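Here is a short report on helix packing and selected side chains.

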Amino acid sequence: ADPAGEVREQGVRLTEKVLANKSASTGPLFQKLLSLTADPDSLVRYQLAFTLGEFEAARKAKPLAEIALRAGQSSWVQAAILSSLADGAGDMFATLSSDPRIRNARAGQEFLRQLVQLIGVTHKPAEVTAVLDYVARVEDASLAFSLVRSLGDGLVRGKSSLAKVDTQGNLKTIFARASQAAVDAKAEESVRVQGIQLLGLTSYGESAAALLSLLGSRQPEAVQLVAID
């Protein structure tokens, strides 16, 4: 409770030893930790994000989400949060994806992409299904495409794939949406690029016609380059 942020930061760090016994995580010291999610000093919140990683998912999910909401453009704080999410990434995604402060901000969307990639790496069925359900409902096409691509990248790193987890065929609609956006000359270039990148996760037979049609000289250079890639 020291007035100096540097002292509070070290206090947070020291609690890792004091609270090593998980039964202590219901006492007043742990409650004090939770109150620091709104600390005015970003370094205190940064350290707190690391420290909360020492606790079980049920206790850390909500405070980590609160820190994330205050992280703003800080990639350092976001990285600290991700490092503490060996479990609990699904709960974090459910909380943050429903918050317009995260969903509608560039930094927030990037953090959602990193969360989804982590969910793909661990590929717990319930969490993957929740992400697939979310992207099926989200109106922002660019966000939907990028989240599915991040999920696919994470699944590959976790020795799985979109085809293996999409047992209900939920991705058929999103891939059709991506194919339509990719060839739509009136769509925003960034949306087209995201759609084309998503098509890269499909087979040649499924997407060759759309991708090859984008190599003409009338197409924007960025569109041609990502189609080639």
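## H10 against H12

H10 (residues 141-157) and H12 (residues 171-182) pack at about 120 degrees, with axes 11 Å apart. Axes are lines fitted to C-alpha atoms over the stretch in contact, and angles run from 0 to 180 degrees between N-to-C directions. Helices are DSSP runs (H or I, at least four residues), numbered from the N terminus. The crossing of H10 and H12 is left-handed, meaning that the near helix is turned anticlockwise from the far one by less than a right angle.

From H10, the contact (heavy atoms within 4.5 Å) draws on Ala141, Ala144, Phe145 and Val148. H12 supplies Leu171, Ile174, Arg177, Ala178 and Ala181. By class, this contact of H10 with H12 has eight nonpolar, no polar and one charged residues. Ala, Val, Leu, Ile, Met, Phe, Trp, Tyr, Cys and Pro count as nonpolar, Asp, Glu, Lys and Arg as charged, and the others, Gly among them, as polar.

## Basis of the model

This is a predicted model: local features need pLDDT of at least 70, side-chain atom pairs count only at pLDDT 80 or more, and totals for chains, interfaces and linings use all residues. Residues are numbered from 1 along each chain as its sequence is written, and side-chain values use heavy atoms, leaving out hydrogens and water.

## H6 against H9

Helix H6 (residues 89-97) packs on helix H9 (residues 125-137) at about 20 degrees, with axes 9 Å apart. H6 is therefore roughly parallel to H9. Their crossing is left-handed.

Ala89, Gly90, Phe93 and Ser97 of H6 meet Glu127, Val131 and Tyr134 of H9. The contact of H6 with H9 divides into four nonpolar, two polar and one charged residues.

## Aromatic pairs

The structure holds three aromatic pairs. In one of them, the ring centres of Tyr46 and Phe50 are 5.0 Å apart and the planes stand at 75 degrees, so the pair is edge-to-face. Rings of Phe, Tyr and Trp (its six-membered ring) pair if their centres lie within 6.5 Å; planes under 30 degrees apart are stacked, over 60 edge-to-face, the rest tilted.

Tyr46 and Phe50 sit four residues apart in helix H3 (residues 42-51), about one helical turn. Tyr46 is partly exposed, at 22% relative accessible area. Phe50 is partly exposed too, at 32%.

## Arg8

Arg8 lies in helix H1 (residues 5-18). Arg8 is buried, at 15% relative accessible area. Buried means under 20%, exposed over 50%, partly exposed in between (1.4 Å probe, protein chains only). Beyond its neighbours within four places in sequence, Arg8 contacts Asp2, Pro3, Asp39, Pro40, Asp41 and Val44.

Methods:
Helix = DSSP H or I, 4+ residues; strand = E, 2+ residues; numbered from the N terminus. Parallel < 35°, antiparallel > 145°, perpendicular 65-115°, else oblique.
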